[in-house]
Amino acid sequence: MQVLEYDRSFLASRILFDKFNGSLIISGAFGLFKKDTVVAAGGYDASTMGEDMELVVKLHDYCVSNDVPYLIRYATDAICWSQVPENLGDLCKQRRRWHIGLFQSMWKHRIMLANPKFGLTSFVSYFYFLIYELLSPFIEVFGILTMILALFVDLINVPFMLLFFGIYALFGSVMSMTAFFARTQTIDLKLKFRDVLKVLMLCTFEICVLRFIMAWVRATAFIGYKKKKTQWGRIQRQKINLK
């Protein structure tokens, strides 16, 4: 499910942002930077939880504010490896850390909000991350709680609610499958029939179950924020032998 999520993210929004030099994050494991520009901008900020995103947003801020010509590109054909969480507990820790890092980066560089000086990076990328990434878990959790409350007081049309959720699940699954199969085609990866069935089932489960678990984790990430805002958290690492 993490593979499907990465494919959907990398082959959709990041390709779009790359069209107008509007990428706000280059994932830490996949980034390559021009050292002198990074040093001039101030380098990594050790006080943030998402130092990879903070650096990219900082580079936008620095280069635009100082009239430095620059490009932050997304290399679609790069081959990179990263170790992802091996269990749900570690995944929750990672996503909590990501969400706090997202908030810290956007707050620190809030000068980019609705600022014509930054062009589409402000009015498309910044607003996308503000609404779809930072605020979306609160909207989703509030929506679920509202539906449960409405169901208890008989203020909801159950057949319509189920139909609406079915359309939502189908649309999300199609998005994930499109991204996944597009990637398999670009790298000429051969899939067995059982692999295709597995993808279909995991897409549905991810959009109907895991997504809401992650929404809850992200929505509650700020509980105890002052105490935990710089705590990375311990994550179990698995030894992997690649032959």
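Student: Where does S23 lie?

Tutor: S23 lies in the loop that runs between helix 2 and helix 3. The model in which this is seen is a predicted one.

Student: Why is S23 called buried?

Tutor: A residue is buried when its relative accessible area is under 20%. S23 has 4%, so S23 is buried. In space, the C-alpha atom of S23 is 7.4 Å from that of R73, although 50 residues separate the two in sequence.

Student: What is the phi value of D67, and is D67 buried or exposed?

Tutor: D67, likewise a residue other than glycine, has a positive phi near 55°. D67 is found in the loop between helix 4 and helix 5. The term exposed requires over 50%; D67 reaches 69% relative accessibility and therefore counts as exposed.

Student: How do you know whether L163 is buried or exposed?

Tutor: The relative accessible area of L163 is 53%. The limit for exposed is over 50%, so L163 is exposed. L163 belongs to helix 7. Its C-alpha atom is 45 Å from that of L32, a residue 131 positions away along the chain.

Student: How many aromatic pairs does the structure hold, and why is the pair of Y6 and F10 called edge-to-face?

Tutor: The search of the whole structure finds 15 aromatic pairs. For Y6 and F10, the centres are 5.7 Å apart and the planes make an angle of 70°. Centres within 6.5 Å make a pair, and planes over 60 degrees apart make it edge-to-face; both conditions therefore hold here.

Student: What is the relation of Y6 and F10 within helix 1?

Tutor: Helix 1 covers residues 2-10, and because Y6 and F10 are four residues apart in this helix, about one helical turn separates them. Y6 counts as buried at 19% relative accessibility, and F10 counts as buried at 16%.

Student: What makes F10 and Y74 an aromatic pair?

Tutor: Their centres are 6.2 Å apart, and the limit is within 6.5 Å. The planes stand at 70°, so this pair is edge-to-face. F10 is in helix 1 and Y74 in the loop between helix 4 (51-65) and helix 5 (88-108), so that the pair links distant parts of the chain, 64 residues apart.

Student: Which residues do ring pairs link into a cluster?

Tutor: The cluster consists of F17, F20, Y128, F129 and Y132.

Student: How do you know that the charged end of R110 sits over the ring of W107?

Tutor: The charged end of R110 is 4.0 Å from the centre of the W107 ring. The distance limit is within 6 Å, and R110 is recorded as sitting over that ring.

Student: What is known of the second largest pocket and its lining?

Tutor: The pocket has a volume of about 1,500 Å³. Its lining comprises 44 residues, and F10, F30, A78, I79 and C80 lie nearest its centre. At least two lining residues come from each of helix 1, helix 3 (35-41), helix 4 and helix 7 (158-186). Helix 1 gives the most, with five residues. By residue class, the lining has 29 nonpolar, eight polar and seven charged residues.

Student: What secondary structure does the chain have?

Tutor: The chain has nine helices and zero strands.

How values were computed
Residues are numbered from 1 along each chain as its sequence is written. This is a predicted model: local features need pLDDT of at least 70, side-chain atom pairs count only at pLDDT 80 or more; totals for chains, interfaces and linings use all residues. Side-chain values use heavy atoms; hydrogens and water are left out. Rings of Phe, Tyr and Trp (its six-membered ring) pair if their centres lie within 6.5 Å; planes under 30 degrees apart count as stacked, over 60 as edge-to-face and the rest as tilted. Buried means under 20% relative accessible area, exposed over 50%, partly exposed in between (1.4 Å probe, protein chains only). A charge sits over a ring if NZ of Lys or CZ of Arg is within 6 Å of the ring centre and within 35 degrees of the ring normal. On a 1 Å grid over the protein atoms alone, a cavity is a set of points where a 1.4 Å probe fits but cannot get out, and a pocket is an open set with protein on both sides within 12 Å along at least five of seven lines; lining residues have an atom within 4 Å of a point. Grid points are joined across faces, edges and corners, and a volume is the space filled by probe spheres set on the points. Ala, Val, Leu, Ile, Met, Phe, Trp, Tyr, Cys and Pro count as nonpolar, Asp, Glu, Lys and Arg as charged, and the others, Gly among them, as polar.
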